[in-house]
Structures are given as C-alpha cells and as structure tokens.
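Here are some exercises to work through with the model open beside you. Try each task before you read its solution.

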Amino acid sequence: MIDNLEYNTEREHLIIPEYGRHLQKMINHAKSRETKEEREKLAKAIISVMGNLQPHLRDVADFQHKLWDQLFIMSNFELDVDSPYTKPSKEVLSERPQPLKYPQNHPKYRFYGNNIKTMIDVANTWEEGELKEALLYTIANHMKKCFLNWNKDTVEDIVIFNHLYELSNGKIDLRNSEEDLSDSNSLMRSKSKYSNNNNKKKKNSNNRQRKRY
C-alpha cells in the first residue's frame, strides 16, 4: 500500500496548476491518440471541461480563444489538432518582455510632488484669459498648501510665486501680482476639516459593523 503512494515532487510538472492534474492527464491522453479525428474530438471535450471550471469568464471577450491557447500551452505545443483560432507560438511566449523604463524624476522641490510639473505644463498650453488666470492661482494655492504640509510655519506668497516662476521656466510670472493667495490658516483648516470628516466616517462605519446583542 505504501509503495503505491505518489508524491507531488515525483509527479509531472503542471504547466497551469489551476486546472489540476486530472485535466493535464486528459491532455496527455489526447496527445497519445493516433488519429487526428479522435484528438480533435477529445480536444473539444477538454475545452468544454475547462470552460466549466471557469464560469466567471464566460462573459469575457475571446473566452474560447483563451481556452484554446491554454490547451496548447498545457500540451507543450505538442497536441496536433486544428484550432478555430490562430495557434500561439512557443517562441513568442518564451520571449522575455522588454524592461520598463521608470521615470526618473528628481524635482528640486519634492514637497510639491511630481504632478505639479504636469499641471504647470498644461497651464502653459492654455490661451490667455480669465480661465487661465484662475488656473494659475489654483496651482499657486495648491503649491502653498503642499508647502504648508511640509513646513507647518507660514509662508509668504512671494516664495510660492518665485517657485512657480522657476518650475515653469519663467513662463508663469505672478511675482508682481496684486492678488493674494489663500490665507495659510484657511488652507490648513480645510485640511484638518477634511481629515476630521474622514475620521468621523471611519468611526461611524466601525460602529455600524459592531455586533448588537
């Protein structure tokens, strides 16, 4: 009895373990059939079983195409049957993907974040007018809020205007503006108000999740 025991380490490697060993044996059996007609009959039956194992994918586009691709992959591309779809290539699947190039952003003022440069670039594409002016002051107020998050002390508007001028490569100049940015206290107050609202929502959610006896 003990001599007939099988260990997974001694068994055949499963190419797609999600389908289990029995389905792999069915595919190996289909590969061993001599006539193409019999192999294709078994292949369609295996595809049907694979579909039943993944009912959540029935509404996904190209579901059958995916199943046929997986069938050939699990057969190690050795199952000689006609497929209603283009057969996958072993060479293409074995190719290593091209390495992704991560953006190397090293902003001078990191406390503003990486998105602020994108916002400034978009603002520079807008035509001159009231909308663009409103956008520029919105960006400046956002920068001031970010600055206050990093440094809790107050900050003069001219500091923000100088940074904005520098980050925009001189294209946005509010240094001589007579309009003031939002008050530091109001910016910090709006942040604390938002944080308190989030805390209240979490607290109420936790209370609702408690068991009542």
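Contact here means heavy atoms within 4.5 Å. This is a predicted model, in which local features need pLDDT of at least 70 and side-chain atom pairs count only at pLDDT 80 or more, while totals for chains, interfaces and linings use all residues. Residues are numbered from 1 along each chain as its sequence is written, and side-chain values use heavy atoms, with hydrogens and water left out.

**Exercise 1. The chain overall**

Task: find how many helices and strands the chain has.

Solution. Start with the assignment: helices (H or I, at least four residues) and strands (E, at least two) are DSSP runs, numbered from the N terminus. The count gives eight helices and zero strands. Next, take burial, where buried means under 20% relative accessible area, exposed over 50%, and partly exposed in between (1.4 Å probe, protein chains only). Of the 213 residues in the chain, 26% are buried. Finally, look at contacts between residues at least 6 apart in sequence: 50% of them join residues at least 24 apart.

**Exercise 2. A histidine in α7**

Task: decide whether H163 is buried or exposed, and list its contacts beyond the neighbours within four places in sequence.

Solution. First locate H163, which sits in helix α7 (residues 157-167). Its relative accessibility is 11%, so H163 counts as buried. Then set aside the neighbours within four places in sequence; H163 touches Y109, F111, Y112, M143 and F147.

**Exercise 3. The pair α1 and α2**

Task: work out how α1 and α2 are oriented to each other.

Solution. Begin with the geometry. Axes are lines fitted to C-alpha atoms, for helices over the stretch in contact, and angles run from 0 to 180 degrees between N-to-C directions. For α1 and α2 the angle is about 165 degrees and the axes lie 9 Å apart. Now apply the classes: under 35 degrees is roughly parallel, over 145 roughly antiparallel, 65 to 115 roughly perpendicular, and the rest oblique. The two helices are therefore roughly antiparallel to each other. From α1, the contact draws on L23, M26, I27, H29, A30 and K31, and from α2 on R39, L42, I46, V49, M50 and L53.

As a further step, look at burial in α1: R21, L23, Q24, I27 and A30 are buried, and these residues pack against α2 and α3.

**Exercise 4. The length of α3**

Task: compare the span of helix α3 with the expected value, and find what its buried residues pack against.

Solution. The expected span is 1.5 Å times one less than the number of residues. Helix α3 (residues 63-74) has twelve residues, and its 17 Å from first C-alpha to last is close to the 16 Å expected. Its buried residues are F63, L67, W68, Q70, L71, F72 and M74. They pack against α1 (20-32) and α2 (36-53). Just after α3, N76 has a positive phi of about 60 degrees.
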